[in-house]
Amino acid sequence: MQLLKIKLNGEDKIYTQTDITISEILEKEQISQQGIAIALNHVLVPKDKILSVKLRMSDEIEIVTPFEGG
């Protein structure tokens, strides 16, 4: 059985589904797509690409919530 190993916010994750998008990962992890920004391997992913970008072994996803401050 093939496994997909990635890092999600610094935490190692393993999925049995290897053909999976960022959007599907967010759904599996019960993370809302509202009000967040996503970086894949340190590059911001445009919101319109979240549904189509497929993950590969060892990818790193960082999910951040913007906030105001100084």
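A nonpolar surface patch of about 360 Å² is formed by Met1, Leu3 and Ile14. Such patches consist of residues with over 30% relative accessible area and no salt bridge, with nonpolar side chains (Val, Leu, Ile, Met, Phe, Trp, Tyr) joined within 5 Å; accessible areas come from the Shrake-Rupley method with a 1.4 Å probe, and for residues only the protein chains shown count as cover. The model is a predicted one, in which local features need pLDDT of at least 70 and side-chain atom pairs count only at pLDDT 80 or more, while totals for chains, interfaces and linings use all residues. Residues are numbered from 1 along each chain as its sequence is written, and side-chain values use heavy atoms, leaving out hydrogens and water.

Leucine 3 belongs to the segment before strand E1 (4-8); strands (E, at least two residues) and helices (H or I, at least four) are DSSP runs numbered from the N terminus. With a relative accessible area of 30%, leucine 3 is partly exposed, a class lying between buried (under 20%) and exposed (over 50%).

In soluble globular proteins, nonpolar side chains tend to be buried together. Beyond its neighbours within four places in sequence, isoleucine 61 is in contact (heavy atoms within 4.5 Å) with residues including Ile6, Leu8, Ile38, Leu40 and Leu55.

The loop between strand E4 (43-44) and E5 holds aspartate 59. This aspartate is buried yet has no salt bridge, and arginine 56, the nearest side chain of opposite charge, is 4.5 Å away. A salt bridge requires a side-chain nitrogen of Lys or Arg within 4 Å of a carboxyl oxygen of Asp or Glu; Lys and Arg count as positive and Asp and Glu as negative, whereas His and the chain ends are not counted.

Serine 58 also lies in the loop between E4 and E5. Although not a glycine, serine 58 has a positive phi of about 75 degrees, and at 56% relative accessibility it is exposed. Asparagine 9, in the loop between E1 and strand E2 (11-15), has a positive phi near 50 degrees and is partly exposed at 40% relative accessibility.

Key
Patches are made of residues with over 30% relative accessible area and no salt bridge: like charges are joined within 9 Å, nonpolar side chains (Val, Leu, Ile, Met, Phe, Trp, Tyr) within 5 Å. Buried means under 20% relative accessible area, exposed over 50%, partly exposed in between (1.4 Å probe, protein chains only).
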